[in-house]
Number of protein chains: 2
Amino acid sequence: MPAIDLPFSRQEYDRRLTKTRAAMQALDLDILFVTDPSNQAWLTGYDGWSFYVHQGVILPQEGDPIWWGRRMDSFGARRTVWMQESEIIGYDDSYVQSTTRHPMQDLAQHLLALADRQGSARPRIGVEMENYYYSAKAHAVLTNAMPEAHLIDATALVNWQRAVKSDEEQVFIRKAARISDHIMQLAIDRAAPGQRKNELVGDIMQAGIYGTGGGWGDYPAIVPLTPSGQDATAAHLTWDGREMQMEEATFFELSGCYRRYHAPLCRTVHLGPAPKDMLHAAQALEDGLAAGIEAARAGNTAGDIARALHAELKKNGIDRNGRCGYPIGLSYPPDWGERTISIREEDNSELRPGMTFHFMPGLWMDNWGLETTETILIRDNGPAEALSQIDRKLFVKDAD
Amino acid sequence: MPAIDLPFSRQEYDRRLTKTRAAMQALDLDILFVTDPSNQAWLTGYDGWSFYVHQGVILPQEGDPIWWGRRMDSFGARRTVWMQESEIIGYDDSYVQSTTRHPMQDLAQHLLALADRQGSARPRIGVEMENYYYSAKAHAVLTNAMPEAHLIDATALVNWQRAVKSDEEQVFIRKAARISDHIMQLAIDRAAPGQRKNELVGDIMQAGIYGTGGGWGDYPAIVPLTPSGQDATAAHLTWDGREMQMEEATFFELSGCYRRYHAPLCRTVHLGPAPKDMLHAAQALEDGLAAGIEAARAGNTAGDIARALHAELKKNGIDRNGRCGYPIGLSYPPDWGERTISIREEDNSELRPGMTFHFMPGLWMDNWGLETTETILIRDNGPAEALSQIDRKLFVKDAD
């Protein structure tokens with residue numbers, strides 16, 4: 001049964017398989033077991049909020065991938081993946097959150113049978129060791145259940161193949177960017193003394209899911225982060241029911257999402273006249289972002305972006321180091337980053353056309369936080385394209 | 001610096017520590033390392049969307065717990081936990097998603113230093129092996145970094161302490177239930193032919209975050225699940241931009257959330273006259289739910305609830321087995337279940353007053369899906385209390 005509404009062309013999935021299999025060959029893998037929901041979706045189209053139980057995609061060197069998961073979710077697989085029904089395997093509900101059996105025992109049987117059909121008596125099987133959805137227990141059970149297999153760490157093997165976005169993917173990310181702009185404008189417009197934060201977040205979420213003319217909104221992999229004042233000195237606090245206050249800055253870290261693709265964006269709003277040190281930092285940040293985007297060229301490295309940013313900040317007396325961005329695209333909770341390249345000085349990954357990053361140099365100070373960021377696309381030539389149309393500045397809303 | 005707005009009294013946290021330490025003693029643990037964000041929040045108050053990087057709570061047998069995480073999130077810890085600043089440890093950003101170093105190397109140093117202060121040369125340290133936020137890689141690195149320690153599987157040790165809800169917690173769950181009812185009523189009222197699904201979900205989310213007079217809304221650990229027609233044969237599909245159609249059933253699996261506490265609820269709406277087999281199944285499900293709730297009494301077991309449900313369904317020719325519910329309360333994505341007890345026939349866990357469950361017997365058939373569920377509270381005497389006020393039935397919306 002063909003999937004009803006595949007996000008991408010079959011040619012696109014074929015290209016993804018080819019790239020992934022080349023990377024598997026470099027590790028001499030017979031089979032790759034993919035647990036990252038983003039990787040599963042990227043390879044097969046699978047989409048559903050079922051990643052809280054064990055599931056994954058089994059990718060042999062030849063033949064179609066196999067989706068494996070809880071039986072009740074195999075019906076979701078039939079509705080979303082491009083493979084035939086014969087390539088969908090469901091395990092019994094008795095394996096779910098049981099203390100006496102584990103889904104990896106079921107998986108092991110399928111992996112061994114597949115290896116046997118391939119003629120590999122001691123198969124080399126790649127697993128994503130560093131992933132939210134591949135627990136220490138899962139690995140221990142799988143290892144014990146297959147003493148004849150070699151489990152090889154293939155963390156981020158698929159994620160790396162996702163770094164350069166296809167034309168089809170760029171269309172999705174641009175749709176997400178339109179939604180990001182739409183909800184950011186809403187946040188900037190509505191931010192006001194007395195505005196309850198949770199109600200503002202509710203409006204942001206509603207607008208994000210409504211989407212824009214370009215497309216309906218999917219759920220972003222991270223909820224809106226919208227802390228104010230002292231709470232904004234921390235990077236990842238969510239909201240509460242308090243009212244926004246004069247003399248406080250609020251940063252909005254938001255992303256639209258179109259069919260699981262993201263384009264994160266941050267802007268900061270200060271209610272009332274902003275303190276001098278924040279204005280100074282905001283200007284430095286604008287200069288740093290401009291310098292970073294100027295350095296974000298094909299052939300340069302991720303580290304070059306960080307260095308360009310940090311040099312501008314340093315000129316202005318701001319000593320910031322650490323990570324200031326990451327690749328983005330297809331994602332599921334809890335993170336919209338791809339967990340491969342980091343924009344930081346020590347990262348020498350080469351920038352290539354079609355890569356997309358959230359260039360994200362937040363400043364979290366003693367008494368306030370400031371986030372002005374861009375989702376950028378590396379072009380064939382010249383500096384990166386920033387996908388947002390929202391002014392790159394600190395928004396100061398004076399009472400009158 | 002005391003936390004600004006702790007959800008619970010200090011006495012409540014003290015009780016939680018005492019219970020958890022008794023369970024640690026049963027496993028002869030010197031230290032427990034807690035990665036589950038729900039467990040971290042339950043023990044310390046920590047709250048933030050930072051669980052996509054490695055972090056956790058270090059609980060020694062004596063003294064306050066220690067929150068450990070990324071340095072930028074240590075500022076969030078200062079804003080949310082009840083411990084002193086001295087009990088908050090931040091690791092450097094260079095550890096984040098690095099291919100050359102791992103946060104568990106930093107954690108190991110702190111654990112060993114703590115064990116040393118406690119005089120344990122070969123400490124027994126509990127870790128949550130089966131958890132989204134304790135990866136296979138994390139365990140491998142931690143094991144290698146502490147050859148002198150014994151890492152003991154303490155999966156769900158804290159989760160089990162959470163099973164019986166305190167009076168303070170029950171207040172939160174009741175607030176969440178009011179929000180659940182509010183958004184379910186909205187979904188039922190708005191479901192209509194031509195209604196775009198994503199816009200309905202946007203409205204549901206907005207209303208859930210606005211909350212009710214009883215409290216502002218937090219983000220639920222699972223997004224609204226709202227599949228229609230053939231998509232509702234699968235349990236966990238999310239939404240798209242299509243319009244709702246006549247002759248289709250849509251189930252709504254929703255939860256309000258108050259300060260991370262949930263009260264999930266499902267109802268199903270059929271547009272147009274419902275087919276006979278669905279009406280029959282809906283009536284059987286109502287009877288089964290009533291029988292299950294009748295059996296959900298202190299002293300009975302989780303299995304008793306499942307048996308009572310299944311007997312009623314069987315009377316009506318519906319052969320359903322498998323899991324039909326789980327404990328709920330405090331939670332973070334990707335799951336609002338507590339992952340301890342399962343409501344299924346083989347589970348002999350004793351029901352105790354104050355336990356809360358999502359009693360969730362979904363029926364996913366060949367051509368439609370039906371979900372009618374209840375969040376229930378085990379009482380001192382008599383059958384459980386269902387927290388929702390929404391009619392327990394299939395909602396059939398005829399065109400006129």
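Predicted model: local features only at pLDDT ≥ 70, side-chain atom pairs only at ≥ 80, totals over all residues.
Figure 1. A:R79 forms a salt bridge with B:D231, with 2.8 Å between the closest N and O atoms.

**Figure 2. The side of chain B that touches chain A.** Helix 3 (71-80), helix 5 (136-145) and helix 8 (197-210) of chain B each supply at least two residues of this side. Helix 8 of chain B gives the most, with nine residues. Helices (H or I, at least four residues) and strands (E, at least two) are DSSP runs, numbered from the N terminus. The residues of this side of chain B divide into 31 nonpolar, 24 polar and 20 charged. Here Ala, Val, Leu, Ile, Met, Phe, Trp, Tyr, Cys and Pro count as nonpolar, Asp, Glu, Lys and Arg as charged, and the others, Gly among them, as polar.

**Figure 3. Area buried between chain B and chain A.** In total, 75 residues of chain B are in contact (heavy atoms within 4.5 Å) with 75 residues of chain A. The two chains bury about 6200 Å² between them, 56% of it on carbon and sulfur atoms. In chain B, the residues that lose the most area to chain A are B:W49, B:Y52 and B:H236, together 12% of what that side buries. Buried area is the accessible area (1.4 Å probe) that two parts lose on being put together, summed over both.

Figure 4. A:Q161 is found in helix 6 (residues 157-161) of chain A. This residue counts as buried because its relative accessibility is 15%, and buried means under 20% relative accessible area (1.4 Å probe, protein chains only). Leaving aside neighbours within four places in sequence, A:Q161 is in contact with A:K19, A:T20, A:A23 and A:W42.

**Notes.** Residues are numbered from 1 along each chain as its sequence is written, and chains are lettered from A in the order in which they are written. Local features need pLDDT of at least 70, whereas totals for chains and interfaces use all residues, and side-chain values use heavy atoms, without hydrogens and water.

Technical notes: Buried < 20%, exposed > 50% of the residue type's maximum accessible area, 1.4 Å probe, protein only. Salt bridge = Lys/Arg side-chain N within 4 Å of Asp/Glu carboxyl O.
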